[in-house]
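This report is to be read alongside the sequence and the 3D structure shown here.

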Number of protein chains: 2
Amino acid sequence: MAPTLNVKQATGNQSSWNTLLPDFPKGPLSKYRKKASFNWKEMAMFLDGEDIIRLKNRIFSALESDPFFARHPGEELSREKYQELTFLRCKRLFEYDFLTQQEIMENPLKILNLVICIGMYDWSPCLQFFLHCGVFGGTILSASKRFANFVKKIYNMEIFGCFALTELSHGTNTKGIRTTATFDHNTQEFIINSPDFEAAKFWVGNMGKHATHAIVYAQLYTPDGQCQGLHSFIVQIRDTKTLLPMPGVMVGDIGKKIGQNGLDNGFAMFHNVRIPKENILNITGDVSPEGKYSSSFTDVKERFSAALGSLSTGRILITAVSATNLKLALSIAIRFSATRRQFGPTDEEEIPVIEYQTQADLGREIHALSAASKPLSSWTAQQAAQECREACGGHGYLAMNRLGEIRNDNDPNCTYEGDNNVLLQQTSNYLMSWMNCIRNKVPFESPLGTINFLQDYHHIIGWKFKANSVDDCMDSSAPLAAYKWLVCYLLRESDLKLRKEKQSGHSDFEAKNNCQVYFCRSLAIAFVEQTVLQRYHDYTHDPNIPSTLQPVLKNLCALYGLWSLSKHLAVLYQGGYVSGEQAGRFIQNAILELCSRLKDDAVALVDVFAPPDFILNSPIGKASGEIPDSRRLLPQFKNQQRMQKGATILTSKLEKSIVQGEGGGTQCLAHQRGD
Amino acid sequence: MAPTLNVKQATGNQSSWNTLLPDFPKGPLSKYRKKASFNWKEMAMFLDGEDIIRLKNRIFSALESDPFFARHPGEELSREKYQELTFLRCKRLFEYDFLTQQEIMENPLKILNLVICIGMYDWSPCLQFFLHCGVFGGTILSASKRFANFVKKIYNMEIFGCFALTELSHGTNTKGIRTTATFDHNTQEFIINSPDFEAAKFWVGNMGKHATHAIVYAQLYTPDGQCQGLHSFIVQIRDTKTLLPMPGVMVGDIGKKIGQNGLDNGFAMFHNVRIPKENILNITGDVSPEGKYSSSFTDVKERFSAALGSLSTGRILITAVSATNLKLALSIAIRFSATRRQFGPTDEEEIPVIEYQTQADLGREIHALSAASKPLSSWTAQQAAQECREACGGHGYLAMNRLGEIRNDNDPNCTYEGDNNVLLQQTSNYLMSWMNCIRNKVPFESPLGTINFLQDYHHIIGWKFKANSVDDCMDSSAPLAAYKWLVCYLLRESDLKLRKEKQSGHSDFEAKNNCQVYFCRSLAIAFVEQTVLQRYHDYTHDPNIPSTLQPVLKNLCALYGLWSLSKHLAVLYQGGYVSGEQAGRFIQNAILELCSRLKDDAVALVDVFAPPDFILNSPIGKASGEIPDSRRLLPQFKNQQRMQKGATILTSKLEKSIVQGEGGGTQCLAHQRGD
């Protein structure tokens, strides 16, 4: 595989570091920063580059000085109020217009950084903004030039949009969607209809309260009664002035969720709602004025895939969202732990077929990768957020320290844009589709090259673990080799199991279902972990990396590889790759040794990715490590200093003011208690 | 080990089943109940017995018909209001007086069932009730007869109590507690003082808003300036009429938490607060009028342990709380999954020393067991609640379906009453304390017999996995034997590692710290899993179990054993207990086969432990399986039927009523958007 390294611009000089990345306030964490084996500013400059750091600083300081984004510690917002505030914040993000078109063209990664910066503040306004501009706006923008006027209104926020695919009874099974769009050639309109409650659009972000327009996925029926499959349509659902529902549209909010409650997820039912013919998003097919259907896709399966092509983008975004949540949780937990003491793409017409074929291969590979990276990242972030919560003990359990919010807000990443376990099946299906080439020794490769190593399958399957000491495991090449064997082994076992299941008379559906646990599911996870580790390994072993940063990056990569691999240790033994008591000990001891080496770097490492205190918004995760500040957030403690300076015994007047400041509910409770 | 079986009374006859356990409403789940291999009513009768079922029915129906306990779907309570309502509910629980003293004497397990039933409704009022009656009241009741008048007031709820041990900077490390109680023999008072903010009592349940009295743990200082160690004192913190803080007491609420927000956790600082001499809880020691200290414990360590003896009770309770949360989450997830379609003790004076010694042995064993059962159960419930949430997809993410609340309310179980990882160290310390006896082949046994199998250590360590087929793994005896080997192996490895660490010059503290991951921590977990599995195995293999129930119980036990064991498979291979590719496959295939066998029993199994729908309070977990009812909880859907019966196009009047019913915020937002 060709290394697709992304080594950023030079790290610049010390004075530019200090201008862009000012020192953190001195405090209990200062001594840990001095213990670090590297300079966190150099690392941040190396990883992000000056341009992205400037963008981050611009966004973070704009939010911090904007009253709409003020943090109100201890404030309890009702869901209704939180949704209103989220919408106002979303509107402010429009007004800021943080990125010019030119900046985006020069570096598309800036969009991702914009999303991450806003998300670090709060995912609700971030997702609302992204759903409108990116998912709703982006889909329409890429569909056809005839929506130019529409697009203008979107980016002026004259209209507000949502993306309505999922139905109450059909989320993962998109083929089962039952909303219909019937073409009436007499009026040149499509009639959008929900046959029953089970077919109501559901979970749709922005739809609950604010959206005026929706991209609605429906089964297209031509006047000849033929169903042409899933297509998308722009449907106005609310009046743009009054926000009242349009005739025939039943729309509302789905209610409180476990997290992300600022975002208004909604439902909608359509009762023969008529929309102009032009409102079909003619990406995969269109209808002539006479009602004749045409499509650039001859294959129904390919047409279906193209209709849902934009979903991979969502999964890739969720991968980034999960990684961001992991950064937030780690920033809080590592800083607190160091201070707490206790004991010691788009489609166009007329593309050459050969080009399209390649595009499909790339699309399949991106689909297979995003369908596994999303589960890996969302589960990793979910589990790590819980571990960070527990690592901070009771303080992690206090709402104001934000670890609960991070975990709860991350939770839907495991479900939306495809349930994690279902998505993993798509990755394993993709991998198993290469088994014929492997068996018949037919050469093959993929556009991104992630499966090219499988050409050496017959060789790799015979590999054995070669480490003879802990030292032999201290580089990521050791777990990487093990992963290559693991993917080949699980591929062979999954293929054998599937053929056995089919031979025993099971249907294709049953056979696949019986192959998931211990086989296909493990295969998909091992594959994506191997892919991530390969990239990480190539990146950290690149000679362009500053020598001051390379050791810590290599240690981190080795630790990630070994730690991930250790969860598969039973399979490595079972399949004979590893044998003997010592081999497992080498891996375990290497993990412990790397943890010990990285302990003193941990604070500086989170300094590299932690957002400013205002954004992180966690008293126990403050950059200075000055935890006692958290007491100021308790209104009761505002009087504390007065108390200690005052008389030995508090006057009853002062007591009263303390209790009254704390909330008047207590006195009526004494009464209710029957005194 | 003598089996300590707890086989309940006879299951009675079919007609008594139907009286006590009425049929569930017919619905989508009916066919799953018919597919079950056993009768859920017989199982419930067998497990609980008629007496406990009557108690549960009494509690559940009282709560369901009490307006104070009414469920208000979609209601958003502020934390303040939720705390008030919790206190009112706690007071109602007092008025119900569900258990007479006689009932408790006849069957102390009824208290546990009372706690579980109320907890299934909501943990906040349950914990508030238990903290006052059990922890606060129970501690004072068992301390001395001189508190009789006090006890009367507790059980009349004339005073309301809390248990203040933890300080802001010292939770797990109770020896580090810094609150002082200095005896002033001139006034015959103790002076309670918090030296600084770090020594403030913190996290104390009931203290935030409602408690009038606290049991305060403090370092006792006699007039000679000598510190006599940790003792507990009754301190009045609020006026019983006005609930205003007492002079010198600074008390308040600690703020919002991730879960259990109905419970008022609080903090308190004492500024030379004087309390009568009689208020010392003279369990471990007392002071004479002249200020001379006396104690029945000569050993300081033993005195310290006795002072904290009541903490094991808390951990045992948390084990039950976690198991209850697991039942709730499973009831919801299994019922939903079956309907959702997509693709196919006390101390007294003058006890003989020999008796006391035994008591200490029992105390140590109970401590070692509770210190590991709490981590096992709280982590299992936490992970399972998350898996149940994900298994229910988006519906699991909706707040009204309660899986988020269950997970968030379960979360503190991992931290309070001792952090899980710290507690596990105490279990491994206990186990490793037997290594000298093992090495020197000195006979030993423990009061509950849980470590007696270690006498066969030298024999067990040579065992090998004997299964030659999947069938050989289908009984819990297979994983049980593996667990015995695993505990012995991890004990040996932990002991070797510790000695090696000490030999290399590390201090005792460092050496122990370096032995946790992969060694002592794994040992403690394997030991408690082995203990649970041994009990479970003995229970399910008892000849007294009705033949109609035994197969499903045996399958469940085997599945639990194999599933738990599979997480240790790498160690089994590494240590040579298991070898070859097939052995691992036998275990994996047995797990898959047992899952397949139990699939049709799953609905009936949750029927055995699920509380009534009112208590379970999850639309997707209803006993009938009639999920569409959930739409009625959305206020927007109340108009739906009208719409479908009405004209093709909704009149704008109806639209308006729908939007207005949903909340008036939308119109002002249209305005704010600048239209």
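The sections below treat the basis of the model, its domains, a helix pair and an annotated site.

## Basis of the model

This is a predicted model, in which local features need pLDDT of at least 70 and side-chain atom pairs count only at pLDDT 80 or more, while totals for chains, interfaces and linings use all residues. Residues are numbered from 1 along each chain as its sequence is written, chains are lettered from A and ligands numbered from 1 in the order in which they are written, and side-chain values use heavy atoms, with hydrogens and water left out.

## Domains

Chain A is assigned domain 1 (162-299) and domain 2 (445-616), with bounds from an automatic or database domain assignment. Over C-alpha atoms, the centres of domain 1 and domain 2 of chain A are separated by 43 Å.

## Helices α7 and α8

In chain A, the axes of helix α7 (residues 123-143) and helix α8 (residues 148-155) come within 10 Å and cross at roughly 170°. α7(A) and α8(A) are therefore roughly antiparallel to each other (angles over 145 degrees, on a scale from 0 to 180 between N-to-C directions). Helices here are DSSP runs (H or I) of at least four residues.

## Annotated site

An unreviewed UniProt entry annotates Glu417(A) as "active site"; such annotations may be inferred rather than shown by experiment. Glu417(A) lies in the loop between α13 (403-410) and α14 (420-432) of chain A.

With 31% relative accessibility, Glu417(A) counts as partly exposed (between buried, under 20%, and exposed, over 50%, with a 1.4 Å probe and protein chains only). Not counting residues up to four places away in sequence, Glu417(A) touches Leu311(A), Gly314(A), Arg315(A), Ile318(A), Lys374(A) and Leu423(A).

Notes:
Helices (H or I, at least four residues) and strands (E, at least two) are DSSP runs, numbered from the N terminus. Angles under 35 degrees count as roughly parallel, over 145 as roughly antiparallel, 65 to 115 as roughly perpendicular and the rest as oblique. Contact means heavy atoms within 4.5 Å.
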